[in-house]
Amino acid sequence: MNEAIGFGFIVMGIAFDFFGCLGLVRFPDVYNRLHSSIKCVTLGTSSILFGLFLIKGFSAGGVIALLCILFLVLTAPVSAHVLARSAHKFGTKLCKGSVCDKYAEDKDALS
Amino acid sequence: MIRIRVTLFLLAFAAWVLLTWSVHLQNICVGLIVAVFVSFMTADLFVPRQQNRFQIFRYLWFLYYIPIFLWECLKANFDGAYRVIHPDVPLNPGIVKVKTALRSDTAITFLANTLSLKPGTMTVDVDKEKGCLYVHWVDVKTQDVDAATEIIVSKFEKILMRIFE
């Protein structure tokens, strides 16, 4: 029973990872691409690891999978934030249909 | 400082034992050396929170926060998948500014991380002195600071205020 649920989680995770990677190709600029990659890949990879934990149980592989979920959820948003911030400081423009950029306005007002 | 080092040593050692998942003597010895090294190198970066460590309701609010966070994360994934599959790629992106009432470092970090994983928003920069965050929003509904704060931040801010402040 646990194995069946675990395989369900793994299939769901692979589907979310696939959509995240598809977003990397289809979205127009670096910020939107970060959106798709960070959300889909975090939950997708987490559910793959959780499925692995359900299959393996409390053995070496299962506990390592749980720890990896913890580290992934804590670090993935930070890396996305750093990438977006450095891209903006580097001068990457938002894509064509963008509505507003309050960050650039405030930076211009300061300097 | 000593208390921070000891706490960090115990955390690092527990992580090591869980990662190796064996109680052989050589694994434990290597783990001890690595944990001592880590606790001496990174104790300066550890955030101290002495005053409210033993207030039990903070942990209860944190338990309440976890399922809400997971539900928002799941919604974010379906939202992202919908935007990817849709033939026109429905986007209306922009960077908006939101205000926050949170002050402590841990709370702002948690808020920024949560915003990065909730549907349609991603933190670009944090201005701690003015208490505002710059958020990249996939579907900009309003450019006004207060209205955007109401939509994006307020739901999580109330819970995080009870946990960390």
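A residue counts as buried if 20 or more other C-beta atoms, placed from the backbone, lie within 10 Å of its own, as exposed if 12 or fewer do, and as partly exposed in between. This is a predicted model, in which local features need pLDDT of at least 70 and side-chain atom pairs count only at pLDDT 80 or more, while totals for chains, interfaces and linings use all residues. Residues are numbered from 1 along each chain as its sequence is written, and chains are lettered from A and ligands numbered from 1 in the order in which they are written.

**View 1. Chain A has four helices and zero strands.** Helices (H or I, at least four residues) and strands (E, at least two) are DSSP runs, numbered from the N terminus. Along the sequence the pattern is α-α-α-α. Of the 111 residues of chain A, 34% are buried. The C-alpha trace of chain A spans about 60 × 25 × 15 Å along its principal axes. Its radius of gyration is 18 Å, whereas a compact globule of 111 residues would have one near 13 Å; the radius is taken over C-alpha atoms, and the globule rule is 2.2 Å times the number of residues to the power 0.38.

**View 2. Helices H1 (residues 2-26) and H2 (residues 30-56) of chain A pack against each other.** Their axes lie 7 Å apart at an angle of about 165°; axes are lines fitted to C-alpha atoms, for helices over the stretch in contact, and angles run from 0 to 180 degrees between N-to-C directions. H1(A) and H2(A) are therefore roughly antiparallel (an angle over 145 degrees).

**View 3. Chain B has six helices and three strands.** From the N terminus, the order of elements in chain B is α-α-α-β-α-β-β-α-α. The radius of gyration of chain B is 20 Å, well over the 15 Å that the globule rule gives for 165 residues, so chain B is more spread out than a compact globule. Buried residues account for 28% of chain B. An automatic or database domain assignment gives domain 1 (2-45) and domain 2 (56-164) of chain B. The C-alpha centres of these two domains are 34 Å apart.

**View 4. Chain B touches chain A through 32 residues, which are in contact with 36 residues of chain A.** Contact requires C-beta atoms, placed from the backbone, within 7 Å. Elements that give two or more residues to this side of chain B include helix H1 (2-20), helix H4 (105-117) and strand S2 (121-127) of chain B. H3(B) provides the largest share, seven residues.

Notes. Parallel < 35°, antiparallel > 145°, perpendicular 65-115°, else oblique. Contact = placed C-beta atoms within 7 Å.
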